[in-house]
Amino acid sequence: MPVSKKKIIRHLAFLVLMVTGPAVLSQEGLLAQRISVRLVNATVGEAIGKISEAAGIHFSYNSSIIEKKRKITFSGIDILVSEALDTLTAQAGLEYAIIEGQVVLKKKKGKPENIVVPAKFTLNGFVRDKSGGEGLIGATLLVTGTVTGVITNSYGFYSITLEKGDYSLKVSYIGFLSREYSIALYQDEKLDIFLEENTALLREVTVNADEDNLAQQREQMSLVSIRPQSISRMPEFAGEVGLIRTLQTFPGITPHSDGSSFFFVRGGNKDQNLVLIDEAPVFNHSHLFGYYSVINPEAARDIKVYKGDIPVRYGDRLSSVVDIYTREGNMNRFGAGGMISPFLYGLQAEGPLIKEKSSFYLSYRHSNLSWLYRKELPYVDLYYFDINAKLNIKLNKNNRLYFTLFHGKDFLRNTEIGDRSGIEWDNRASTLRWNHIYNNKLFSNLLISGSLYNYYLGLTGLVWNSKISNANLKMDFSWYISPDNTAKFGFGLSGYGFNPGNLTADSVDSYFNKVPEYQSQEVFFHAEDEIALTPALSVKIGLRLPVWINRGPTSLYFFDEEYLPVDTLVIRNDSSYSAFVNLDPRISLKYRLGKRMAFNLSYGIIHQYFQMLSNSISPFSSFEVWVPAGPNISPQRAAQFALGCSGSPDALPLEFSAEFFYKRMFNQIDYEPHASLLLNPLYEGELRFGKARSYGIEMLVRKDKGTVTGWISYTWSRALRHFESLNGGKEYPAYYDRPHQISVFVSYQASRRSDFSATWIYYTGSAITTPAGFYNYNGYTVPYYDGVNNDRMPDYHRLDLSFQFRLNKKEGNFSHNLAFGVYNFYNRKNPVSINFNKIKTADGKFIVPADLFGTSELVVTRKYVLTIMPSITYKLKI
């Protein structure tokens, strides 16, 4: 029987289906699988491997078609294999086909510009303390399973741009419980994150290795970061845990001596350190001649110290920046606290003005010293106080205002001599800041600030006053271009007023000539860009352009080669009479070796346009006067190179860092022997100018996790000066040249309620000038000298101990505790001065100078300030 044509076609179709159907069904099943994949800056080969592993499929391709430099970034949770392959091939410039159960890749036909660029979206917001709403500075946000992340800025703001997709984001901050968020990033999103403090055991830090690595990668070199919780565990001195004393336990930061809050950084002088409170400069950060610091630890929220690689947004100091941000105030609940010791008492309060919209913070400290001297010296009045106040106002989701006020005052009066006989000084600083978010990548801060430092010395009806004042207006921008590229730029205008020391109007005596006063202006621009060139290598390039202008009215004196005055110029109006323009370039490189090791290199140039004049090395002298650069004083300049490494071992909860630095300083200031600076309008003729250099190695091992925490630091360094007119033109060590410096801090949390800590400090004695010998002349013993700083003080060392005990058994909003401290536990007598020109009389007294007839043997004397000093402090918080 003949078969019809239609029947033959049906049979052939069935045969084809039987042969090809399994393959077609297999291909559809392969592409219909669902997988989860996350790729960030992966090579094409890595991306192929991840998809192959997730889907259980095999790829076939010629390796020559793969571009080695091309990077793949995309992620998806429970997506089709076909979607993953489409995205992969689009980014890689390839196309694919399924042949016999394999994915065959080949070069995509067409021009490269036809390649689809994956969509990117930005996630931004703030990371805040849940209990009070304060921004957390330096919080870590990490994309889980990657090294991609971001660190919050000085206001807790973050911005991160990623390929569209689903992500898991982990947020952490030391001392707080970490949180993990699932993010569906298919459009620009805003997310404010609130973290809870780890009240169970503050010392147990729940930060994993990846977050540590991110922090190390983003953290710049030559930076010391300190949280107030760390300061609170340090041993106290007379009722206070001083910020400056804490800083001096870190490498590269050298203390002056007992009884002083002055410090030196990497061979720079004490006036080369910029101290900021909420971005306003403080020109004298000491209370009670340096025994205490004006920085109240209870008011501090975050402290950073830049010893090198200083960001270009900072200027005008050669050696360091101490950047302190104060507490913003609790937006959710009212709270208060206080402390009292035999030497000091303090109060603080905070709370919302409008809940979740505005808040305030207020702290007050006052000395309690009269019981020490009132009985023996009833005519003496001695005290100090300081006030910190802050308002925090949230205008809307994109705008916030902060107002900060600081006032500190010291007062010593002897009413037996006269009502105005004594010493007093006061610091004032205030800031108004406006934070604005333009879009999800651009953040700005507008600052208006003012600072004032006054010093008064009164004696027998005369009052001497020196002063420096400052006003600032500046605008800073942060542009978060991508996780691998952040740009910061801004501009500003500053005004300065200088009074180098004159008698006040009500005590003017015609016998004294008026020392000229000065007015100066500074306009500056800065820009900085930090770029990750590869996953392992990043570079930061910055430039600061300051323009310094001096204006009248004032008087100028000119000197010859012998430093004798030869001419005078009187500027009678506000016209400019000198100006300086300099470029300050800065660059740094960071190379990451593996996950837990990083190498850093930095170089930078900085100029300083005003300086403090003081020819005393005494820790108690406050006869410092500030003067600007001008026709007779060139701006100081420093160029610093640093090379360092940092990391953490896999098996140990430790962090280590080591840095080598070399710094050259120009237009440095020293003084003619027996220079007269007080009430001398020709003081510039007493100054000598030269060069300085410093170099050294700094090492730090730190443990921040567990019940035993602390650090060990060691610094070997030199600070040398060279002035043609001093020391016979030979180089000599600076007073603060301390070749060896060691500090050890250990804290042990014995229980949830008790804490022990100890600090041991050692450093080489300061360089001082001592007589090379003595000779007798007309019955007097006369010293002679043959070099500057040719000798050293005895080496310094001491041990401080502390024990803190929480009195309340249960943790909550109410807590109170006792802190016991012993300063200089083994009673080391560390001298602050040595004298050779004293003689001892028959009754055992010393007379200065040695002018008795028939001078006896010369006696060397040493002056000590502090020996062993116990303290007890009660603290309350509600």
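These legends accompany an overall view and several close-up views of a predicted model.

The model is predicted, and local features are reported only at a pLDDT of at least 70 and side-chain atom pairs only at pLDDT 80 or more, whereas totals for chains, interfaces and linings use all residues. Residues are numbered from 1 along each chain as its sequence is written, and side-chain values use heavy atoms, with hydrogens and water left out.

View 1. Helices (H or I, at least four residues) and strands (E, at least two) are DSSP runs, numbered from the N terminus. Of the 878 residues, 53% count as buried, a term that means under 20% relative accessible area, with exposed being over 50% and partly exposed in between (1.4 Å probe, protein chains only). Among the contacts (heavy atoms within 4.5 Å) with a separation of 6 or more, 65% are made by residues 24 or more positions apart. The chain exposes about 39,400 Å², of which carbon and sulfur atoms supply 59%; accessible areas come from the Shrake-Rupley method with a 1.4 Å probe, and for residues only the protein chains shown count as cover.

**View 2. Helix H2 (residues 44-55) and what covers its buried residues.** The end C-alpha atoms of H2 are 16 Å apart, which agrees with the 16 Å that its 12 residues should span at 1.5 Å a residue, the expected span being 1.5 Å times one less than the number of residues. Val44, Ala47, Ile48, Ile51 and Ala55 of H2 are buried. Seen down the axis of H2, these buried residues fall within an arc of 100°, so they line one face of the helix; the arc is that of the directions from the helix axis to the C-beta atoms. The cover over the buried residues of H2 includes strands S1 (34-43), S2 (58-60), S3 (71-80) and S5 (102-107), together with helix H3 (81-92). After H2 comes Gly56, with a positive phi near 70°.

**View 3. The cis peptide bond between Gly552 and Pro553.** Omega of this bond is about 0°, and Pro553 lies in the loop between strand S33 (537-551) and strand S34 (554-559). Most residues other than glycine have a negative phi, and most peptide bonds are trans.

**View 4. Asp316, a residue other than glycine with a positive phi.** Phi of Asp316 is near 75°, and its place is in the loop between strand S21 (300-306) and strand S22 (320-326). Asp316 is buried, with a relative accessible area of 8%.

**View 5. Asn789, which has a positive phi although it is not a glycine.** Asn789, with a phi of about 50°, is found in the loop between strand S50 (780-784) and strand S51 (791-792). Asn789 is buried, its relative accessible area being 15%.
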